[in-house]
Amino acid sequence: MIPLSSYVILSAVIFFIGVIGVVIRRTIIVVLLSIELMLNAVNINFVAFSHYLESITGQVFVFFTLTVAAAEVAVGLALLIAIYRNRKTVNVEELDVMKW
Amino acid sequence: MMQAIFIYLATVCVVCAVLTVSLRQPVYNVMALLTMFFHVAGLYVLLNAEFLAVVQIIVYAGAILVLYLFVLMLLNLRSESRHLHRQWPFAVLILGSVAAMLVGAMQAGGFGLPTGEAPAQVIQAVGNTESIGLTLYTDYLLPFELASLVLLVAMIGAIVLTKKELIQDHGEEQS
Amino acid sequence: MVTYALIPLLPLVSFIVVGLFQKWFRNQAHLICVPMVFLSFALSLTALFDVAQGNTVNVDFFEWIPVGSFNPTFGVMVDQLTASMLVLVTLVSSLVHLYTVGYMHGDKGYDRFFAYISLFTFSMLVLVTSNNFLQLFFGWEAVGLCSYLLIVHWYERKASCNASLKAFIQNRVGDFGFAIGIFLIWVTFDSVDYQTVFAAVPEHLDESVSFLGWEVNVMTMIALLLFVGAVGKSAQFLLHSWLPDAMEGPTPISALIHAATMVTAGIFMVSRCHPIFNASEVAMMTVAIVGGFTALFGATIALTQNDIKKVVAYSTMSQLGYMVMACGIGAYAAGMFHLLTHGVFKALLFLAAGSVIHALAGEQDIRRMGQAKRHMPTTYWTMLWGSLALAGIFPFAGFFSKDEILWQAWNTGMMGKGLWLVGIIVAFMTAFYTFRVFFLVFYGADNMDHEVRHHAHESPKVITIPLVTLAIGSLLVGWLGQPFWGKNPVHEYMSPVFQSAVSGTPALQAHATPLPDLVTAAFADDDGHGAPAAPEAALGAEAAVTPDAVATPEVAMSAEAVVTPGAVVTPEAAVSAEAVVTPEAAAHPVAAAAAHGEEAGHGGHDKGAEFALMALSMLVAVSGIWMAHRWYGRPSQAPSRLAAAYQTLYQGSLNKWYWDELYDAIFTRPTLRLANRMWRVADDIIIDKVLVDGVAITTRITGEILKFFQTGRVQHYAMVMSLGIFVIVGGFFLF
Amino acid sequence: MDHLISWVIFLPLIGAAIALLVRDHQTVKIITLVITVADFLISLPLWLGFDHGTAAFQFVEKAAWIPTFHINYHVGIDGISLLLVIMTTFLAPFCVLCSWHAIAERSREFMINLLVMQTAMIGVFCALDMALFYIFWEAMLIPMYLIIGVWGGVNRIYAAVKFFLYTLAGSLLLLVALIYMFFNGGHTFDIPTLMTVGFDPRAQMWLFAAMLIAFAIKVPMFPFHTWLPHAHVQAPTAGSVILASVMLKMGTYGFLRFCLPMLTDASISYTPLILTLSVIAVIYGAYMALAQSDIKKLIAYSSVSHMGFVMIGMFVYNQQGIEGAILQMINHGVTTGALFLCVGVIYDRRHTREISEYGGLAKTMPVFCTMFMIFTFSSIGLPGTNGFVGEFLVLLGAYKFHPLTSVLAATGIVLGAVYMLHLVARMVWSECSNPENQKLTDLNLREWFVLAPLVVMVFWIGLYPAPFLDVMHESVLHLLDQTAGVAGAQQIAMN
């Protein structure tokens, strides 16, 4: 029987790989991918807890993260295209208009 | 037996995650992510969430990654030389330590959480999809509707963002 | 009884009427003011007559500030002391009112001047008829206000603005001490009413109150504090420099306020509170020494002054010193009698000086006068009588009252003898400077410039009538206190007031010098009143005060010096001022040496000693006049040669021993500089800019610093967010 | 009419509402005048009908307002707050009259501001519910901020912002204290009940510290006073009058209503600090006033000195001191308000506040000068005027409690005379050299009507203060029982 903690550790590791991805990659595409990674990590956690706590709600919530992930990707990519059209670049470091 | 499968799936997921983040070519990142989705689906099966595994593959792998590929092809991005921040080791170090600390924290804390009233056997009997559907449409009806709303907003947003110059500068040539 | 209330109220009515309807009077204000004052003079005469019959009055009209146990009232208390003061105040006031009609004729502020004189008379009368300390304080400060308003009458002149400001502030310093005295009275006696306080004096004799570390007897403390008020008001030594400057005001008010009435308020207060003063030897000694020294101090300055009004002002200060000295040695009746006579002939001298100035078109410097005898005969002989009275020549008033004081001084032990010596020296100087002025003005070299001599004329009737009445008064008033035959009428008259308290104070060795107990008491009084019915008082009013002073003069002096006028009152500042005072004590060897005299005056003295002393003081006065005649009667170089010989002394006396410059250096300039620097540095920069605006600036600076974290790059924000999580979770697990 | 206090509080607000509807400036002014005078008239029955016998709150009205937070609309007055309310309503018409021509542009909004201000101020004095008190306390700031900020002098923005933020910072601390008291006082905001709750001494120390800072800024006490000169110099005349005569009393009223009865232990242990600060305030204020060249700043610093007296009077724990303090509050309101009105009169004519610009006013404006002199002497505390009665009682009470404080504070009498008469000498008496001063006209009828009643008040309180004092006796004795009862105030021998 696989203990719950191993699942939690797994999702934590994946989550943080996602975070590192977000922080260190320069192109927005990969940043969005890393965010997908983080969302998947969260789903793993949900399902793991749902299984070990014998309650279905965990799995139901996965659906909601799913929808959010989908919406997020749609809007993210739309933004990416709009930025690409205006700035001709997808490199995050050049998008610092908000600098003080 | 189960132990081995879990370890296999877990290691592949981690490796793919690392590859998604570190590879130079965006297409290779997407492919790595694809393999990871499959193995996450495997994990779901391991956790008796078959319906979710299927949904995972259809939605994530099928829809979202395809979307990524579309965009990749649309903008024909090539890999650049420096795809990482200059001081990326410094960031990895910090976040790694954060992760390690959190993982350690997870170990310590017990999870005395209240158990629900639907043990694995009952789900097996009723069927995973049916039980999800049952709870989804009773307890979580409102969130469900809101989720649909989120999707609607996302769609409109995506359209408006990308189709903007058509409406705005009708006569101008394509920027 | 209602009539007594009317006495103060009549002048108030005329003040209100003239004040409110000034425009309608158009220089006719005297139509209402003069009759009102004369009416109140008549009423006060009737009051004197009633009181002489022995029935005093003490009634409260309404409660002024009813708060718990402290509830002072507005009321009237008329006893022998008040009645005499009432007569003096109303007499001099009505004569001055009459005089002003002539003197201030054609002046722009004519009505305003009349309004303020009647307000002054009202406040003086309230002060005199008060029956509790707070109403006394009310009159006290109201009188100060009126003197301020009247000194600044010709407000165009810078000098009169400064003089009025100086007068009010120095009075205010005196009132500061007086107010603290009243607080202490209320705290010890739990009441401010004369009756209850004086009756309760014996119970509180041994109590003591701590003052800056010293345990001072409560009676001494109260007495000294009240005396500070008296010093402020009667221009005694430390708070004296405002009186000569007050001469900037018109002459009528100099006569009324700065000679006869306001300045005597201090002496009136001391004699009114004699139970408190009698109960503490230290206070009595301080009063005596301060009085004596002021007399000497004033006389020395008066010798060399060249402005006619300044000379008379300094002579007032010196005579006030006399009266305070009299109170100091316990001879309240003598002090009050001198106050009455002095009020009459000093007012006469001022009014005469005013008439001279009026005649010589405002000329005040006596060096540019001379041979004025021809032009103004009535002013000449009235001023002569006034000068004789001031000098103390036989038939005139000064002789009787001054000798009475000297005689009482002689009787009170060694210190008394010291004070007597000072008195004699001052008497000589007084005679000298009075007649110096007299001869320079009316005789001597005629160095009036041409057109002034051309239309120098005798003053109109309305000015000379008061002069004449006062001259007759200064001749006859003296006889009120004649010691030659029968009992001294003034002592008889005053004895119930002062005698009641003396028997009440066991602590005092009531070693009464029996009165000259001659049988017939001819109560000759120019106003033709009935014989006194006062009982045969065994205990003389002036119980000898044995000056076996416990505390040395320094202690008394330091209490005196604590009240430095106007400076930042910190104990350290007090000490510096005290250093100023001690040289004075040294300069006054006689008092210091006589500080511990033996048993007070020997047994029943005989008349002979008294007459001998009188003859001696008469001789001294005459020699003073003769010297003045020799130096100033005929043009001679003696005075200039003498002045050249003792240059420092002459300059010192001429510049009022540099007290004004001293005050300026110690108080006015440093205060202004301190205030300015404190405002510029402390308030503006430290509190305002640094602390208050500083908070604003620091918030802006921190904002500037934090701004650098907004790099605009999403990934940095992600990094910071994760660090945030790290800290929170870490914190959660650590604690 | 039974809801008398509510009418007194909210009549100005109704007036403001009406004024909002009217466009024309002139009619708005008339409406405001009528409303303020009416407000004064209906506040008189409060005084006449006041029962001198009891110390309990009278004319009490209680109604549930926000039940969920236990806040209810609870108003009432006792001996301490009655006179302050009467003074506020008494001075309001003068503020309106004095700004009849002075405020040229946007006078409609100015009048509305005045009315809202009036409601807030009376509300503070009558509130018996801490939340209500706080709401009125804050509501008062906004109109004052606008009055200074919009109709003020040259750098009015700086002054208005400084005033607002300074007072707001203080009142936030007050809010914290109120909330603490709500929870620890049995879940009620009701002032009378909270007076009976004995908070534990340690908590009292913190509560008192918070309230001390909040009220000290308002009083203003020594270190917190620097906003006052700026606010006064920049405020228009009416603003200055209200600021000086009523708003400064909020701080002292706060001490009397909150600190002394509720936090008695803390008050007693804080007394040395407060008395030292107040004595410094008296002497420091006088010195500052001496160094000023701007009239309004001079009078502002003089009110710092006067309020120092009031603070001393309150923390001496005897009847004379406290009643003196309350009366001194009224006197300061009348006298300093009048002084500011006088400054307004000459400011309307010469449009400058520099003392050196004036000189020899006695020749051209005699009536004005007499009035100005009367108010100067009242501010100095000359017997027979109202200033004396208050100051004397305060010093008397202080002497009984701690003689050294009283002696040091008494120097304020002398210093007061110095700086005020120095001002008068430079302005009223010296010769009239400046040409503009020669053609100044004397008081017109409107100005005369503004100043004459104040002169009457000065002499009435000065010569016959009994009607004012009788109102306070019971309440002050009750307050003393509360303070003495807890810790035997008398045995605190501080010296």
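The model is predicted, so to speak of a local feature takes pLDDT of at least 70, side-chain atom pairs count only at pLDDT 80 or more, and totals for chains, interfaces and linings use all residues. Residues are numbered from 1 along each chain as its sequence is written, while chains are lettered from A and ligands numbered from 1 in the order in which they are written.

**Chain A on its own**

- Chain A has 3 helices and 0 strands, where helices (H or I, at least four residues) and strands (E, at least two) are DSSP runs numbered from the N terminus.
- Reading from the N terminus, the elements of chain A go α-α-α.
- The C-alpha trace of chain A spans about 50 × 25 × 25 Å along its principal axes.
- Chain A has a radius of gyration of 17 Å, whereas a compact globule of 100 residues would come out near 13 Å; this radius is taken over C-alpha atoms, and the globule rule is 2.2 Å times the number of residues to the power 0.38.
- Of the 100 residues in chain A, 58% are buried, meaning that 20 or more other C-beta atoms, placed from the backbone, lie within 10 Å of the residue's own.

**Where chain A meets its neighbours**

- On the chain B side, 58 residues of chain A are in contact with 71 residues of chain B; a contact means that the C-beta atoms of two residues, placed from the backbone, lie within 7 Å.
- The elements of chain A giving two or more residues to this side are α1 (4-24), α2 (28-52) and α3 (57-87), and α3(A) supplies the largest share, 23 residues.
- Sorted by class, the side of chain A that touches chain B has 43 nonpolar, 10 polar and 5 charged residues. Here Ala, Val, Leu, Ile, Met, Phe, Trp, Tyr, Cys and Pro count as nonpolar, Asp, Glu, Lys and Arg as charged, and the others, Gly among them, as polar.
- With chain C, 10 residues of chain A touch 10 residues of chain C, and chain A's side has 7 nonpolar, no polar and 3 charged residues.

**A helix pair in chain D**

- The axes of α3 (residues 79-98) and α11 (residues 237-262) of chain D come within 9 Å and cross at roughly 170°. Axes are lines fitted to C-alpha atoms, for helices over the stretch in contact, with angles from 0 to 180 degrees between N-to-C directions.
- α3(D) and α11(D) are therefore roughly antiparallel to each other, the word used for angles over 145 degrees.
- Residues making this contact include Leu84(D) and Phe94(D) of α3(D) and Val241(D) and Tyr253(D) of α11(D).
- The residues of the contact divide into 12 nonpolar, 4 polar and 1 charged.

Notes
Angles under 35 degrees count as roughly parallel, over 145 as roughly antiparallel, 65 to 115 as roughly perpendicular and the rest as oblique. A residue is buried if 20 or more other C-beta atoms lie within 10 Å of its own, exposed if 12 or fewer, and partly exposed in between; C-beta atoms are placed from the backbone.
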